[in-house]
Amino acid sequence: MTQTITRELPALESNRELIIPPGQERALANGLTVIVIERHSVPLVEVRLRVPFERAELDPSFVAKASLLSQTLFSGTATMSTGDIAAALQTVGGALSASVDSDRLLVSGNGLAEGLPAILTVLADVLTGATYPAGEVETERARLIDGIQVAQSQPSHLVRVAMHRRIYGQHPYSMQTPAIADVTPLGTGDLAELHVARVGPAGATLIIVGDVDAPATLDLVETTLGGWAGPAVRESLPPVPPFATGPVVLANRPGSVQTSMRLALPAVVRTHPDHAALQLANLVFGGYFSSRWVENIREDKGYTYSPHSVIEHSAAGSAVILGADVATAVTAPALLETWYELGRLATTPPAEDELEQARQYALGSLLLGMSTQAGLAGLASTYAGQGLRLDFLAEHAARLAAASRDDVGRVAATYLAPTRAATVLLGDAEVVGESLTALSTVERTSA
Amino acid sequence: MLAPDRSAPVVGVAVVYDVGIRSEPQGRTGFAHLFEHLMFQGSANLEKLAHFRYVQGAGGTFNGSTHLDYTDYFEMLPSNALERALFLEADRMRGPRLTEENLRNQIDVVKEEIRVNVLNRPYGGFPWLKLPPVMFDTFPNAHDGYGSFDDLESATVPDAADFFAKYYAAGNAVLSLAGDFNPEQAAKLVERHFGDVPARPAPDRPDFTEPDLTAERATSYTDRLAPLPAFAAAWRVPDPIKDFAGYLPYVVLAEVLTDGDASRLIQRLVLKDRSVTSVSGYVSFMGDPFDVRDPTSLLLQAHLPPGTAVAPVLTAVQEETDRVAQDGLEPGELARTVARMSTHLLRDKDTVLNRALQYAVTEQQRGDAAIAGELPTLLAQVTEEQVRAAAATLAPNRRALVEVVAGGAS
């Protein structure tokens, strides 16, 4: 280089204000809560319908039925076939699809804003009149089974299953994907029965975000979905059990060229006074790229491509889930560095500058997350599922702004101590087993 | 490129360099992508790790990605950090810190990226890494863009310096901003930070053209982890840049065939024949039809139920494309397909970062960023006749085919 000029990093302008777009809300007589948020950036609309789908006990057959129901909800009504439904939606630039987990059935979609009446009409037809035609059920049942087989060949899926088994025991959360044997016997009758029992408006939330007029949209929804009736069946989930710590679980996947490493640590719900500080502690530890863990095991040591640490919130409890896929040869050293970074934060509060960096990231993420129609819809639906509204984010931002080094150090010691971690590894046990025994007792299982 | 939009307090900043996988030297497969990693390892005034910390410490996110014809670097941030992002991009445009230590570290990281995305999972690299060597003969078009471990490990610091000198010239880059800013002020900030980046001209872009296939090329390989058989078929399409009007009908055709449960191949293969468990279709190997140059292809890929054969499915695909070619489309079929495509384009545009990226790439490849905003209109002008004509070209003798044998079937 011919010249060396030292250039100063320009200062940031003052922080942008967190403006939470106001939502208009209406509780329909049938129990459905409707929230409409206007954002006129593009002439589109986003739709999220969240129907509670908890099961109070571990019920493999229910998991299978719920999965197949989510794949066949749009397979037909008295007057429309699968193709008719898809074409009606596509005509207004739209599409809808359903997914299910241990907490909820979620119908998601979007389309041209002017097509919202058509989209809601299809949605209402399906909610009140899905017929689960035998032929389509047979088709989707086979596809679901194929899909389960593909999932079972993926390390990310296998290690998640092993972790859920480890931390959730007999809690309903321990089974998120159905067993093929439980899918095989299902038919129209099972799905129709489950629909009647559980696909109802009581406790459900419909979020609409986009280039719409909020009051008119509330009226439109009331007209279109006011006739959706259904049972008020709500099951209550038991709280998740304390996570089993103890030996490292090593699930064998012969020939694996990487080890999929996952650790689960306890966390708190979004409304808990510790949540903001825990979010910051997790960021400092490994929750974003500029964290201790990522800088250590990726940017310094090159053990892995994409380590991540995320706080997952579910209805029955929250968890911090760490994940990294590391080269087989460095499995034990990568686990050691992970424990080291957890332990370091749990015993020494973060420095002021790393806390400030994490704080700015958390606050900025709120702005970024609300800057699109799809982002707003996703946030509004997720928060509604926990009985919250987007204005909760202002409260949360204030807590993020106020959290001190001591607060973050305290929650790190409480929640992120390595002694509290449940650790599951999926990899070639013949290759990695021996070196792991230098660090911990190891419990071997099959994948 | 400046695209202001004050509807949310965020900005997207993108720098796109006109170099991608096709420009890698022989013996250096994967180098464009490896070099992308090196652009994050410190630069003229920034230590290693500083880029990440400055972006995230301002509340933003960052990334980069390597495509066949370009490499992009980008940030999305609260708008109070716009100037910081410009500083960071200008600094690495002056030159990354290319050290042996950083190179070795990022070779290790990229190898783990390849293991997690390709080697340790079923269907890794299928079909984007598997089809090009079947369809093409020349190194630029045919080689593995993720790279072989041998080639990656052979990379040297002088290789990286040469690559930067040749391709990362200011004249070979487009900077694009979208979101919450005042255009006059933003222009001043751009001038302040980029104005003294040394001017270097863009290198000549080689001609990557190859002739179309005249006879089918087919291959198969066993994926030891895959539980289901699969195939991908591809046909060459018109030049996306020189013959955009001739190219767009193929982009529409891919959606007519595979977008949603009302589409031709889902109706036929999934719902009627039950001969596939999933099918998808798109134009360009990386699924970015408006970000690619010639030569490229229309691709169809499908996964089949365990133990079933590919040949009858290919016959059914042929019958369906022939049916489109001969009988045309149903009333409303073209309009609804294009309506859904418009939604996808508008939804992308709602993210300021995607808007910035699309304007930058469109400017670079087409010399007119405005085309990015006209895509819904241009797609709406595609006629049924054009879609029929496009379907008529999907003949077996122009096809490149890759079959995946399910080595992991239980």
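This is a short tour of a predicted model, from the whole chain down to one pair of residues.

**Stop 1: the whole chain.** Chain A holds 16 helices and twelve strands. Its C-alpha trace spans about 65 × 55 × 50 Å along the principal axes.

**Stop 2: the inside.** Stay with chain A and colour by burial. Of its 447 residues, 50% count as buried. Now look at the contacts between residues at least 6 apart in sequence: 82% of these join residues at least 24 apart.

**Stop 3: the sheet.** Next, select β1 to β6 of chain A. These six strands form an open sheet. Step across in the order β1-β2-β6-β3-β5-β4. The pairing is mixed. From one strand to the next, the twist averages 15 degrees.

Strands of a sheet pair through backbone hydrogen bonds, either parallel or antiparallel.

**Stop 4: the edges.** Which strands stand at the edges of the sheet? Select residues 23–27 and 95–100 of chain A: these are β1 and β4. Each has a single partner strand, so one side of each is left without a neighbour in the sheet.

**Stop 5: one bridge.** Finish by zooming in on A:V100. Its bridge partner in β5 of chain A is A:L105.

Note on methods: Residues are numbered from 1 along each chain as its sequence is written. Chains are lettered from A and ligands numbered from 1 in the order in which they are written. This is a predicted model: local features need pLDDT of at least 70, side-chain atom pairs count only at pLDDT 80 or more; totals for chains, interfaces and linings use all residues. Helices (H or I, at least four residues) and strands (E, at least two) are DSSP runs, numbered from the N terminus. A residue is buried if 20 or more other C-beta atoms lie within 10 Å of its own, exposed if 12 or fewer, and partly exposed in between; C-beta atoms are placed from the backbone. Two residues are in contact if their C-beta atoms, placed from the backbone, lie within 7 Å. Two strands pair if DSSP finds at least two bridges between them. Axes are lines fitted to C-alpha atoms, for helices over the stretch in contact, and angles run from 0 to 180 degrees between N-to-C directions.
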